[in-house]
Amino acid sequence: MENGIIIFLLIFTAVFLFVVGIFLLSETYARRWSIRKRLADMETGLEEEPESGGGTTRRENRLFRLVGSMGKFLQPKKEGNVSALQRLFLRAGYRSPRTLPIFFGLKVLLALTGFGLILVGKVFLWQMMDPGSFFYLSILLGILGFYLPNLWIKFRIARRKDKIQRGLPDALDLMVVCVEAGSGMDAAISRTAEEMKKTNSVLAEELSLVNLEIRAGKARQDALKNLALRTELEDLNNLTTLLIQTEKFGTSVAQALRTHSEFMRTKRFQRAEELAQKMPIKLIFPLALFIFPMFLLITLAPAFFIFVKFFR
């Protein structure tokens, strides 16, 4: 027991010192980079004012830097792999350049946490666990902790897609109203994004990014293609293709949007009917597991007791 505690303390101390060393090293590099940036800004006369953030923001930044410094050693170096991961983060709604090292830092942190939990359990709870079971269980928890961020990213992407899917017909109706009122396509997108902030913030954010890209000088077709690439949603991809073809061939934007809006409303109604048709099949399992046994118990219990009493 005492040997196990000593081994646990030594491993914990080694991991703690390793993490603290990485954090101090990243702090040193970050300080040097900030000094160089300020010197460059002073030379060009563009020195920025210091940020007036609170203590909470500073602590969060330190935590993110610590996790990011742990992940810098694991993040891929090839441009193809980095681009694929960045597209994945864009679909999940994470656009900060620090997302990639923080993502891999969380993988390392959760893997070490899983290993630490099984180590604590071995020392204090399951002293009789054989070494083989301890090894396989620690490997299992480490792998589970390492892949938890991937599951979170997939869950986040599916949730954002569902929100965009739900809000797209309403956004199309607003765009139809704006275009038929005489607004241009860019003004209609901007107005729709502004009006959708309270009801569907995810779709409003994506439309606002399209508007910002157009204002920055990017062609509307490229901005719409980027929207389809960020969301990877079939309905939104069809909408962007429709708008690009309408602009290319010079047809009526209002008529095309109205036709597509009616199609989207019909598709949403059909999707609701499909869910309603699936509901009886989904109810079979809770009915069979929870309701039918109780129903049989309530209805047959009196008859069972009468039957037993009769034969006695």
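**Aromatic rings in a predicted model**

Trp 152 and Phe 155 are three residues apart in helix H5 (residues 131-180), so about one helical turn separates them. Helices here are DSSP runs of H or I with at least four residues, numbered from the N terminus.

Before going on, a note on the source: this is a predicted model, where local features need pLDDT of at least 70, side-chain atom pairs count only at pLDDT 80 or more, and totals for chains, interfaces and linings use all residues. Residues are numbered from 1 along each chain as its sequence is written, and side-chain values use heavy atoms, with hydrogens and water left out.

Searching the whole structure gives seven aromatic pairs. In Trp 152 and Phe 155, the ring centres are 5.7 Å apart and the planes are at 40°, so this pair is tilted. Rings of Phe, Tyr and Trp (its six-membered ring) pair if their centres lie within 6.5 Å; planes under 30 degrees apart count as stacked, over 60 as edge-to-face and the rest as tilted.

Trp 152 is partly exposed, at 42% relative accessibility, and Phe 155 is partly exposed at 45%. Buried means under 20% relative accessible area, exposed over 50%, and partly exposed in between, with a 1.4 Å probe and protein chains only.

Next, Phe 304 and Phe 305: their ring centres are 5.8 Å apart with planes at 65°, so the pair is edge-to-face. Phe 305 counts as exposed, at 58% relative accessibility.

One aromatic cluster is formed by Phe 89, Phe 103 and Phe 104.

Last, Lys 107. Lys 107 lies over the face of Phe 146, 4.2 Å from the ring centre, and over the face of Tyr 147, at 5.0 Å from that ring centre. A charge sits over a ring if NZ of Lys or CZ of Arg is within 6 Å of the ring centre and within 35 degrees of the ring normal.

Conventions
Helix = DSSP H or I, 4+ residues; strand = E, 2+ residues; numbered from the N terminus.
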